[in-house]
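Here are some notes for a colleague who has the model open and wishes to check each point against the atoms.

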Number of protein chains: 2
Amino acid sequence: MEKIRIGIVGYGNIGRGVELAIARNEDMELKAVFTRREPSLVKIHTEGVAVKHMDDMMAMKDEIDVMVLCGGSATDLPEIGPKLAANFNTIDSFDTHARIPEYFKNMDKAAKEGGKLGIISVGWDPGMFSLNRLYAEAILPQGSTYTFWGKGVSQGHSDAIRRVEGVKNGIQYTVPIEAAVERVRSGSDPKLTTREKHLRECYVVLEEGADRQAVEKAIKTMPNYFDEYDTTVTFITEEELKAQHGKMPHGGFAIRSGETGEDGNKHIIEYSLKLDSNPEFTASVLICYARAAYRLAKAGQSGARTVFDIAPALLSIKTPEELRAGLL
Amino acid sequence: MEKIRIGIVGYGNIGRGVELAIARNEDMELKAVFTRREPSLVKIHTEGVAVKHMDDMMAMKDEIDVMVLCGGSATDLPEIGPKLAANFNTIDSFDTHARIPEYFKNMDKAAKEGGKLGIISVGWDPGMFSLNRLYAEAILPQGSTYTFWGKGVSQGHSDAIRRVEGVKNGIQYTVPIEAAVERVRSGSDPKLTTREKHLRECYVVLEEGADRQAVEKAIKTMPNYFDEYDTTVTFITEEELKAQHGKMPHGGFAIRSGETGEDGNKHIIEYSLKLDSNPEFTASVLICYARAAYRLAKAGQSGARTVFDIAPALLSIKTPEELRAGLL
């Protein structure tokens, strides 16, 4: 079998997850990892694979079928995405919802000019949740869509906690409120406030001599991050944090409640994820879309795409005949 | 807005559902209903729409963009499907799993020769469940997929009950066993027997003077239908049957449990449906795939397709820009 040659750009949690996901797909091989750091200091899992500096990517243009971009959406991807898309087929997990139209436009232009194919905003939200919102809304045009996240670690909120004075370390879990999920599942089509949908649970390690009450208040009243939620703050030791909060679980629910016919028959479509490792799952989604990008590019297509544009069969290692016989 | 002109072939539960679904999609209009019965005896909901005999379809070749075939899979679709696919773009819900490869081949040949596009096996299983099995397996190549059906009415099993001597009327519900669903959701990857996955609940109206015990035994031991399941038989009156069992609810769960990485991190992907009306929901899925067939045919494509081949964006009334801005 001719293998799909993958390059990884950025070796953080997602980059490592992509490396692990490649090992679980027999039609793929990792060709190189590119980093902004000094390459000799970056240790990867896979034996015999080169770690190179990002400045040295162009020399491998003919050896890599798809580049998986594992940088951040805030500053990294908007800058390097279009540059890479002009020279490589790409997959990324760009997730700044408000800036997706602008990012798509820039990626589309660059990829078209370079004759390459780039799939943006791949993962589970945006990604699998987006797909399920689209499918459910197309089937049930009259209805409401609800998205709940968690229970899971929010990196942004954990960072926000750690910036509070007196906080040595901390982690934040977003928790969907079960009563709200049940109201949605009942088909009652409720209007839910931000506070009614999610709780925020914070586990905080204090600096020596820090004021507990002041820290708790600073967190709970923090605008944009916590003030619109019911938030709990639990103080723990650094050892407890390491022992009990070292994983990155996540998940959630995308639910559509809609009706059909003249009698208003109700229907509930629910897609849910329960993930032990958010970065490994996200990476697994990225990797099957890399397969689709490879196939579309081989068929002569170019430009930017999203998960909405990709026929599901392109994601699978199986042939169309196998899919029809075995999964339909 | 130029509307997509739909024809319905066969006016049973699904055909009526398609008619109702068209009314809920503003870019569609019902052009004609075709029946094998005497057209004047078939009363439809929509005013001003013609009911015609199936022999008179060809005269409307240029007035219909997509034909939705609402016949049965056992004998109806294998015969009329290819004939229609040679002359019209088609959607059907062919659901005899074992014969899908053969049906696909016949539809593909006919549609290609006629320069038309036909999407087969559309609905929720096969259909949305198939899609979710494919997506989940592509993301998590190492794992197990489970499908549970119900609680819902099985037409085939209800028919089987009604053929038992002494039975005047009856209905059968397929019920997923909650304990089995919970074992799957826990990620324990259980091996489940047929008996462990589903119960069968029968509600039976007896003929006058019929032998209760003989009827109960005949149902519970019926090969293929009931002998491999735990089955309950409850005797009710014709009035109770009408009052409490007149709807056609259904639903179910497609669940994949899989792992990633080197530490065997577990992930659960679950897609579930809870439907008040099985035929109306199935019809709603058919109708959004009719939109996709229309668009693909307009773009010059022909031949047979399944849900696996259809990019999700083609199902939505929204533009790609609207989808990226609003749903991604």
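The points below begin with the conventions, then take up the contact between the chains, and end with some elements inside each chain.

1. The model is predicted, so local features need pLDDT of at least 70 and side-chain atom pairs count only at pLDDT 80 or more, whereas totals for chains, interfaces and linings use all residues. Residues are numbered from 1 along each chain as its sequence is written, chains are lettered from A and ligands numbered from 1 in the order in which they are written, and side-chain values use heavy atoms, with hydrogens and water left out.

2. The contact between the chains (heavy atoms within 4.5 Å) takes 66 residues from chain A and 67 residues from chain B. Together the two chains bury about 6000 Å², 59% of it on carbon and sulfur atoms, where buried area is the accessible area (1.4 Å probe) that two parts lose on being put together, summed over both. Of the area that chain A buries against chain B, 15% is supplied by Arg24(A), Arg324(A) and Leu328(A), more than by any other three residues.

3. Between chain A and chain B there are 4 salt bridges, each being a side-chain nitrogen of Lys or Arg within 4 Å of a carboxyl oxygen of Asp or Glu. Glu259(A) forms a salt bridge with Arg24(B), and the closest N and O atoms are 3.0 Å apart.

4. Among the elements that give two or more residues to the side of chain A that touches chain B are helix H3 (100-114), strand S13 (265-275) and helix H10 (278-298) of chain A; helices (H or I, at least four residues) and strands (E, at least two) are DSSP runs, numbered from the N terminus. The largest share of this side, 11 residues, comes from S13(A).

5. S13(A) pairs with strand S13 (residues 265-275) of chain B in the antiparallel sense over 9 bridges, pairing being called when DSSP finds at least two bridges between two strands. Within this pairing, Tyr271(A) stands opposite Tyr271(B) in S13(B).

6. Pro312(B) lies in the loop between strand S14 (303-305) and helix H11 (320-326) of chain B, and Pro312(B) is buried, with a relative accessible area of 0%. The term buried means under 20% relative accessible area, exposed means over 50%, and partly exposed is in between (1.4 Å probe, protein chains only). Leaving aside neighbours within four places in sequence, Pro312(B) is in contact with residues including Leu131(A), Leu134(A), Phe308(A) and Tyr135(B).

7. Helix H2 (residues 76-85) of chain A is mostly covered, since 7 of its 10 residues are buried, among them Asp76(A), Leu77(A) and Ile80(A). What covers the buried residues of H2(A) includes strand S1 (4-9), strand S4 (66-69), strand S5 (89-92) and H3 of chain A.

8. S5(A) is itself covered on both faces, with Asn89(A) and Ile91(A) buried on one side and Thr90(A) and Asp92(A) buried on the other. S4(A) and S5(A) pair in the parallel sense over 4 bridges, and Val66(A) has Asn89(A) in S5(A) as its bridge partner.

9. In chain B, 4 strands form an open sheet in the order S8-S9-S10-S11, with mixed pairing. Strand S8 (152-153) and strand S11 (230-235) of chain B stand at the edges, each with a single partner strand, so one side of each is left without a neighbour in the sheet. Strand S10 (residues 198-206) of chain B pairs with S11(B) in the parallel sense over 6 bridges, and in S11(B) the bridge partner of Tyr203(B) is Thr234(B).
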